[in-house]
Amino acid sequence: MVGLTKIAMEWLQDPLSWLFVASVVFVEFSKLFVEFCIGDFIPWLSWADPQGINVRLRAARAALDQFIDKIIDEHMKRGRNPDDVDADMVDDMLAFLPEARTKKAAGDGGDDLQNTLHLTRDNIKAMIMDVMFGGTETVASAIEWAMSEMMHCPDDLRRLQQELADTVGLGRNVDESDLDKLPFLKCVIKETLRLHPPIPLLNHENAEDCAVGGYSVPRGSRVMINVFAIGRDANAWKDADAFRPSRFMEGEGEAAGVDFKGGCFEFLPFGSGRRSCPGMALGLYSLELVVAQLAHGFNLALPDGMAPSELDMHDVFGLTVPRATRLCVVPTPRLTCSLVADDDAAHQA
Ligand code: HEM
């Protein structure tokens, strides 16, 4: 982590390297989130910081700040209106930052909301961080696990591909409007989130004294909810460790009525209650669409004739629980049409 800020500064001169900086910083944050910090447990020792965690935290935070400042500055410089076709989320938020309101918007008088609601640069930074941390690694790790589990259990991959062929047909790619007609896809996603919840431990603090399972928990305690263990609890799930999406299938599986909206406490990949995930709909949409497009668009094989049972299914612990080794799959085209839509192809030409 030594000099992370300096590295970030140098790399940020080249926009193509942003991705590299983001991944270095994210990986460091992901590690820091779960680092054992002695001061968390023995507060009067926190000044000592024998593991140098505070130094690493400050460096990672500074690097991230530079990264996001640069994004905001670039957007302010190009001054897009939220109504422009190529405007993005940052342009939308900048419409509420008084110093960044574009001349056109200011001239138009903007809309009422923009005149009454003002954001600060720090507000915008916090929201960008929320989306970056909440919405990138979680979805990426779940996509990789869904594909890994299906490569490990090819019968489930075949069933999903059959559902896609029957519903969508091999003559076109899957799109958003198909997702609600693909019940087995939904089961694959649920089963992936049960076995591999992207955020395995939820950290909360109880506001009131309470008793749980015969233990009294004083107000202000740090409460950790182990979603990973709950999803594999043999008292709640049949074949708890097996990847079996059909358990969620209506009319077929024993867990058909179980969902992840927060009311079924044996299945909490998005948490529950007021602090549950605000990005659930967006996360699910990305997850379902990417997995459907990969399964529909390609025949998938493991490299070098590897048998499904030989695939490494170990994970590593961090803020998320990604695979210990990257999944490597050999794709060959499955559809009778081009994977690039006509208008995309025209755009690229
Ligand atoms: C498969 C995808 C996702 C999963 C499994 C997931 C899961 C979670 C979980 C378990 C929490 C903590 C809940 C708790 O502490 O009780 C959380 C919080 C949060 N998530 Fe997600 N998430 C996903 C996608 C997203 C996306 C796409 C976004 C935003 C674009 C997002 C933004 C957030 C934010 C901002 C919080 C903090 C909420 C708060 O502190 O009140 N998440 N997510």
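1. Is D239 buried or exposed in this predicted model? D239 is exposed, because 10 other C-beta atoms lie within 10 Å, and a residue counts as exposed if that number is 12 or fewer. D239 is found in the loop between α12 (227–231) and α13, and although D239 is not a glycine, its phi is positive, at about 45°.

2. A second residue may be read alongside that one. D304 is not a glycine, yet D304 has a positive phi of about 55°, and its place is in the loop between β5 (298–301) and β6 (330–333). With 8 C-beta neighbours inside 10 Å, D304 also counts as exposed.

3. For the overall picture, the protein has 14 helices and 6 strands, and of its 349 residues 24% count as buried.

4. Helix α4 has 26 residues, and from its first C-alpha to its last it reaches 38 Å, which is close to the 38 Å expected at 1.5 Å a residue. The buried residues of α4 are A59, A60, A63, L64, F67, I68 and H75, while just after the helix G79 takes a positive phi of about 50°.

5. How do α10 and α13 lie relative to each other, roughly parallel or roughly perpendicular? Helix α10 (residues 154–167) packs with helix α13 (residues 280–297) at an angle of about 90°, and their axes are 9 Å apart. Angles of 65 to 115 degrees count as roughly perpendicular, and α10 and α13 are therefore roughly perpendicular to each other.

6. The residues that make this contact can be named on both sides. From α10 come L157, L160, Q161 and L164, and they meet A292, A295 and H296 of α13. Sorted by class, the residues of the contact of α10 with α13 comprise 5 nonpolar and 2 polar ones, with no charged residue.

7. Helix α13 also holds L294, which is partly exposed because 17 other C-beta atoms lie within 10 Å. The C-alpha atoms of L294 and I143 are separated by 9.8 Å, although these two residues are 151 residues apart along the chain.

8. The surroundings of the ligand deserve a careful look as well. The ligand is surrounded by 21 residues, of which the closest are G134, G135, G271, G279 and G283. The elements that give two or more residues to this shell are α8 (121–135), α9 (137–152) and α13, and α8 gives the most, with 4 residues. By class, the shell has 12 nonpolar, 7 polar and 2 charged residues.

9. R334 is partly exposed, because 16 other C-beta atoms lie within 10 Å. Leaving aside residues up to four places away in sequence, R334 touches L170, H296, G297, F298 and N299. R334 and A295 are 39 residues apart in sequence, and in space they are 9.1 Å apart, C-alpha to C-alpha; A295 is also one of the residues of α13 that take part in the contact with α10.

Key: Residues are numbered from 1 along each chain as its sequence is written. This is a predicted model: local features need pLDDT of at least 70, side-chain atom pairs count only at pLDDT 80 or more; totals for chains, interfaces and linings use all residues. Axes are lines fitted to C-alpha atoms, for helices over the stretch in contact, and angles run from 0 to 180 degrees between N-to-C directions. Angles under 35 degrees count as roughly parallel, over 145 as roughly antiparallel, 65 to 115 as roughly perpendicular and the rest as oblique. Two residues are in contact if their C-beta atoms, placed from the backbone, lie within 7 Å. Ala, Val, Leu, Ile, Met, Phe, Trp, Tyr, Cys and Pro count as nonpolar, Asp, Glu, Lys and Arg as charged, and the others, Gly among them, as polar. A residue is near a molecule or strand if its C-beta atom, placed from the backbone, lies within 6 Å of it. A residue is buried if 20 or more other C-beta atoms lie within 10 Å of its own, exposed if 12 or fewer, and partly exposed in between; C-beta atoms are placed from the backbone. The expected span of a helix is 1.5 Å times one less than its number of residues.
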